[in-house]
2 protein chains.
Amino acid sequence: MTDDGKEGPPSLEERVTRQGKRIGDRAVRIIRPAGGDFRRRGGHYVATPEALEARGRLGRWFQAARRILFGARLASEQEAQERLSVKTGLAIMASDNISSSAYATEEAMRVLAFAGVAALALTMPIAIAVCVVLAVVVLSESRVIRAYPNGGGSYIVAKDNHGVIAGLVAASALMIDYVLTVAVSSAAGVAAISSFLPALHDNRVLFALALVALITLGNLRGIREAGVLFAAPTYVYVFSLYALIAIGLFQLLSGLVVPPAAPPHPFAPAGTQLLTVLLVLRAFASGSVGLTGSEAVANGVPNFRPSETKNAVTTLVLMGTLFGTLFLGITYLATTIGIHPDHDELETVNSLLTRSIVGGDSPLYFIVQISTAVILALAANTGFTGFPRLASVLADDRFMPRQFAFRGERLAFSFGILALAIVAALVLVAFDGSVSKLVPLYTIGVFVAFTLSQAGMVRHWWKLRAKERGWQVRLAFNGVGAIATAIVAVVVGVAKFALGAWMVLVLIPFLIAIMWGISRHYRSVRDALTLDRFDAPLPTMKPRVVVPVSRLDRATLHALAFAKSIAADVIAVHVADGPEDAAEMQRRWERWGGEIPLAIVESPYRVLIAPLVAYIDAIGRQDPSRTIVVVLPEFVPRHFWEYLLHNQSALRLKVRLFFRKNTVVADVPYHVSQAYENVDQGAAVSSR
Amino acid sequence: MTDDGKEGPPSLEERVTRQGKRIGDRAVRIIRPAGGDFRRRGGHYVATPEALEARGRLGRWFQAARRILFGARLASEQEAQERLSVKTGLAIMASDNISSSAYATEEAMRVLAFAGVAALALTMPIAIAVCVVLAVVVLSESRVIRAYPNGGGSYIVAKDNHGVIAGLVAASALMIDYVLTVAVSSAAGVAAISSFLPALHDNRVLFALALVALITLGNLRGIREAGVLFAAPTYVYVFSLYALIAIGLFQLLSGLVVPPAAPPHPFAPAGTQLLTVLLVLRAFASGSVGLTGSEAVANGVPNFRPSETKNAVTTLVLMGTLFGTLFLGITYLATTIGIHPDHDELETVNSLLTRSIVGGDSPLYFIVQISTAVILALAANTGFTGFPRLASVLADDRFMPRQFAFRGERLAFSFGILALAIVAALVLVAFDGSVSKLVPLYTIGVFVAFTLSQAGMVRHWWKLRAKERGWQVRLAFNGVGAIATAIVAVVVGVAKFALGAWMVLVLIPFLIAIMWGISRHYRSVRDALTLDRFDAPLPTMKPRVVVPVSRLDRATLHALAFAKSIAADVIAVHVADGPEDAAEMQRRWERWGGEIPLAIVESPYRVLIAPLVAYIDAIGRQDPSRTIVVVLPEFVPRHFWEYLLHNQSALRLKVRLFFRKNTVVADVPYHVSQAYENVDQGAAVSSR
């Protein structure tokens, strides 16, 4: 085990010895770690995968199961360096936005239907209004991309320009939005399939949860954000819908009469409402669900190939064009043909439209429905990309628990992924897996974040007015964007307030308060722990040691021997059940005649912990500045189940003492299997 | 805080100093515990109730809630010394047996009804047969009482005379019996009430569970086994039923026609069976449920006033007489009047009988039904007396986990009470709270225990044949008892095998195997821990200390100062996320320039625990006999919820190291609130 020191880099021992010069004669001899567990890098050691191998049989099984489920570990250096072209970028980042076309038309129609079938004709003007807002958003977001080439999430833009609180508002709004992206997209994906497999409808919550579980697993494995696997479904969806729209337009233009497919349960609202302004605004708010997901491109600028900003802007514009044309095409055809939404959400409007145009048994119908389900699953996946990344940024800024900043063995933010999955699953269950029930909550968060980010950009340009030419144009662009998105945010908030938007408006300040509290806690801890001087010598401690003993056996002697080795001041304490027990213990202790004094405390109420702690308190009162070390003899049986056969007092004592100031608890486990061996070795050491 | 030593007994300090003579100059100065927490008794201290007072606010609330629910603590010295007269003894110990008359007739009838209404006439002969067996049991049990005046539970008698295995068979049979006593009595108690409040019937499981919970709470409070509270319901039950039987007999003898009350759902078995021998045996087995509970008197002999054996025997004989007459009276009237059991257990036979004789709205009807429910609750309570006491005897003999032998703050065997309540509740749920479904399992255990106990007595007298006169008569008594109970055991086992008795027959060996395993474990631990020599000197240890550090702050310095104070051999280990982190830590450490060498291990897979343990293993491999102390700097926040904001790595590391041989883990908590104060004190100490 000695180090020859000739070949290879200097051993740990040498390094320590070198360091030891400064330490004087107190240098500790440490050997270079043996075996394949470590390799050197510069002045320190690097743990190899062998160091992480599970040692026990149970541990190995657990590890193997883990590897099958999540894949092999990835080293930090293996972090993905792949960059996105416009083609793959469009497929991956735009899937959330483009997939909204699967339900945006239907959601607008469902609101208008309350004012009767005739009101459905208003769907088209509403779709046009939504597309106008989209155009404004695309233009102003392209400004964000140019200004924040390192990824301009709304949180960062708002925080940079309006301060922390605005940043936290945007962050909470976005976090809510990500949760709802997962919930809505999974629900809509199941709806696309259950449109032609009605048997699924009754268990739609269950299937949506299964979909979320599958996506979660994929993300814990660390899905690469690229590849044909992701790009293909997006393009299949886009092109099959274009084909459908082309066929539909051709039929209408050639004067063919397209009979609308009848929904299973035609829409029949209890009492037909008047076509009020509020209802139209509500329909607009529902339709503007199609604008969600358009922030993804601005968030992910650094993931593009150079020149990043140019590619990102191209992608953004393409995304808007694709979504806009699909949304307008679907809405035009659905209103012209006269599709009515199904009352019980048994079949989607898109499914009814496709059935009307090409028939429910044509290959195109199935291609459209299945690619819809897949692109919606990809859209749900964007929530799993966005939420953990935002949470990790917030955790780095100390607004979220540190666990969110930790990358798991597969380099994924496991904690954020699991948190998102759990919250989204709860939301799915609470809202019964219904897209229509979820949509009123959905849009508000997005537009709050948009507004803050656009307003932040206005300020950004204003601050740069002395340095940058043409800042007026840019400021105007983002000003229009801020006003438009603010109007939509207010419209959505007012129109959908009673339907559920109030929950989001209540939740945002609540989340901000939590994040603020977390940040304050971390700051107070940092302040409390920071060193005043870096050259402070270690304070000298003279701890006194207390050893609670329940009986006089090898485990106790082992603990007493340890106690004696760490301090001169050792006392054993025995809590006795009654006077007989006290006398018996006294007798045994005297017979043993060891070197440690024993105090006996009788507990007439048969309570163990409290008298012991009271006794430790009494000792502590003598000199409160001295640290008390409680040395606990603990018995480790061979098998885990055997723990049940031993009193769990030690654990309770440890919890109790953990909160006692200036108290150290030292666990001295005594393993049955080493019983004899160990005492002998101890004796051998003592005889040296 | 000094002790004047003039008045009062010698202080702890003096005692330690005296003991210190033997220890030489190593005597530790310990003050006499200050304040009202302790008082002296002989050579040791006794903790006063003040020592047990909760200190924190949360703790005080918890303690107050506990006191309201369970009552104030009782000292061991306050253990009940009350003895029972025949009058109270009969009410308390015999309630289990006497209450069986509430359902024994019905259970026999329910079996016979399968062979048609005519077969119900056989109920009376079966009741007579049961009473004959009862007489034999009473006679032979009275022999047990005389031979085992200290309480002759079947476990003890069987173990004494046939060895451990027979004892364990009897013990498992009795434990199963106690569980079923609780389940059957609660279910029957609810049935007595739901007979006139049918609305309860649908939720009978819920009400039975509530009854069990109530009895459990009472037992955790430590119900005194005496008082009018317990005696009254038993006598009300007995006398109201006697009144009912007298009225019924008078009516029949005076030639009045008593029309039988019709059950809500008359019994209509799917296919009427033949009246086979097996069916008759089954009916007998069901009726012999009335023999359960007759072992309670023999178990509790020492609880009687002197002369104990005489009082116990009188109680036993009275119990048999009361049960026998009630059982025969009820059965005679029910069969003569022509009561048929209700198919769905909506109304009990006893309720139907009482309604027939005195009408469903007479005061006597309600007195009978309510006192039946109460005596059944008392019968369930006997299970709570018997099971924890048996379990504690088994725990003292190391056949059950030690927790069962521990008396809680109210002197009750809390662990056994809770265990019984949980198992009985599970049984009630599994068997749907139905008396009829539970009865087939019930009787077998009792008769197995009886048989073993009687056979043990036969052997007992045989062993004493040289010393005792008249041993032949006693042996004959118990011989007849053994044969009679063995026959009933076989009859019940065969007749009810398929109906559920098989479960008990499977469970008994299973329980024995568990108890045997527990005993073997305790024995192996005792062997492993026993000291070979009592004068062995403590082995000398030279531990080496490892301090895992995540950053260089006050908490870390505190832990390093502690580490330095307990050993000369200290090394700090830092697990770095990557090369940058490693270099940064190295730089900071050098800038600090402290006295402790630092080893840095980079973990490219971001895993913390495994590389640390691998490094500790590497250190350990150098000299496996030396104990390694892992000193963990732990940060204690002000509020409990703040724990969620700190990584839980320390806990996982502790679990991992607990199983490492020859490793001590010392927790050094650093309290935020003492942050400044403590470092200053440390500095003060070092400057001395």
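Author: One term to begin with: buried means under 20% relative accessible area. Also, this is a predicted model.

Reader: OK. How many of the residues of helix H15 of chain A are buried?

Author: Eight of the ten residues in helix H15 (residues 349-358) of chain A are buried, so the helix is mostly covered.

Reader: Which ones?

Author: The buried residues of H15(A) are Val349(A), Asn350(A), Ser351(A), Leu352(A), Leu353(A), Thr354(A), Ser356(A) and Ile357(A).

Reader: And what comes just after H15(A)?

Author: Gly359(A), which has a positive phi of about 90°.

Reader: Which residues other than glycine have a positive phi?

Author: Arg398(A) is one of them, with phi about 70°. Arg398(A) sits in the loop between H16 and H17 of chain A. Another is Asn662(A), with phi near 55°, in the loop between H24 and E7 of chain A.

Reader: Is Asn662(A) buried or exposed?

Author: Buried, at 8% relative accessibility. Arg398(A) is partly exposed, with a relative accessible area of 34%.

Reader: Let's move to H17(A). How many residues does it have, and how far does it reach?

Author: Helix H17 (residues 414-430) of chain A has 17 residues. From its first C-alpha to its last it reaches 24 Å, close to the 24 Å expected at 1.5 Å a residue.

Reader: Which of the residues of H17(A) are buried?

Author: Gly416(A), Ile417(A), Leu420(A), Ala421(A), Ala424(A), Val427(A) and Leu428(A). Looking down the axis of H17(A), these buried residues fall within an arc of 130°, so they line one face of the helix.

Reader: Why would residues spaced like that point the same way?

Author: An α-helix has 3.6 residues a turn, so residues three or four places apart point the same way.

Reader: What covers the buried residues of H17(A)?

Author: The cover includes helix H9 (164-194), helix H10 (204-221), helix H16 (363-396) and helix H18 (435-463) of chain A.

Reader: And which exposed residues are on the face turned away from the buried side of H17(A)?

Author: Ile422(A), Leu426(A), Val429(A) and Ala430(A). After H17(A) comes Asp432(A), with a positive phi near 60°.

Reader: Switching topic. How many residues are in the largest nonpolar core?

Author: It has 132 residues, and those with the most contacts inside it are Ile98(B), Tyr103(B) and Leu394(B). Helix H9 (residues 164-194) of chain B gives the most to this core, with 17 residues.

Reader: What does Ile98(B) touch?

Author: Leaving out residues up to four places away in sequence, Ile98(B) touches Tyr237(B), Val238(B), Met319(B), Leu322(B), Phe323(B), Leu326(B) and Ile375(B). There is also a second, separate core of 131 residues, which includes Ala183(A), Val212(A), Ala412(A) and Val435(A).

Reader: Now salt bridges. How many are there over all chains?

Author: The count is 26. One of them joins Asp569(A) and Arg626(A), with the closest N and O atoms 2.9 Å apart. This pair links distant parts of the chain, 57 residues apart. Asp569(A) is in the loop between helix H21 (554-566) and strand E4 (570-576) of chain A, and Arg626(A) is in the loop between helix H23 (609-622) and strand E6 (628-636) of chain A.

Reader: Is Asp569(A) buried or exposed?

Author: Buried, with a relative accessible area of 19%.

Reader: What does Lys654(A) form a salt bridge with?

Author: Asp667(A), again with the closest N and O atoms 2.9 Å apart. Lys654(A) is in helix H24 (residues 649-658) and Asp667(A) in strand E7 (residues 663-671), both of chain A. Lys654(A) is buried at 19% relative accessibility, and Asp667(A) is buried at 7%.

Reader: Where is the pair Glu584(B) and Arg588(B)?

Author: In helix H22 (residues 579-592) of chain B, four residues apart, so about one helical turn separates them. Glu584(B) is partly exposed at 29% relative accessibility, and Arg588(B) is partly exposed at 34%.

Reader: How many disulfides?

Author: Zero, over all chains.

Reader: Last one. Where are the cis peptide bonds?

Author: One joins Pro306(A) and Ser307(A), with omega about -10°. Another joins Pro306(B) and Ser307(B), also with omega about -10°. Ser307(A) lies in the loop between helix H13 (296-299) and helix H14 (308-337) of chain A.

Notes. Residues are numbered from 1 along each chain as its sequence is written. Chains are lettered from A and ligands numbered from 1 in the order in which they are written. This is a predicted model: local features need pLDDT of at least 70, side-chain atom pairs count only at pLDDT 80 or more; totals for chains, interfaces and linings use all residues. Side-chain values use heavy atoms; hydrogens and water are left out. A salt bridge is a side-chain nitrogen of Lys or Arg within 4 Å of a carboxyl oxygen of Asp or Glu. Helices (H or I, at least four residues) and strands (E, at least two) are DSSP runs, numbered from the N terminus. Buried means under 20% relative accessible area, exposed over 50%, partly exposed in between (1.4 Å probe, protein chains only). A disulfide is a pair of cysteine sulfur atoms within 2.5 Å. The expected span of a helix is 1.5 Å times one less than its number of residues. The arc is that of the directions from the helix axis to the C-beta atoms. Contact means heavy atoms within 4.5 Å. A nonpolar core is a set of buried Ala, Val, Leu, Ile, Met, Phe, Trp, Tyr and Cys residues joined through side-chain atoms within 4.5 Å.
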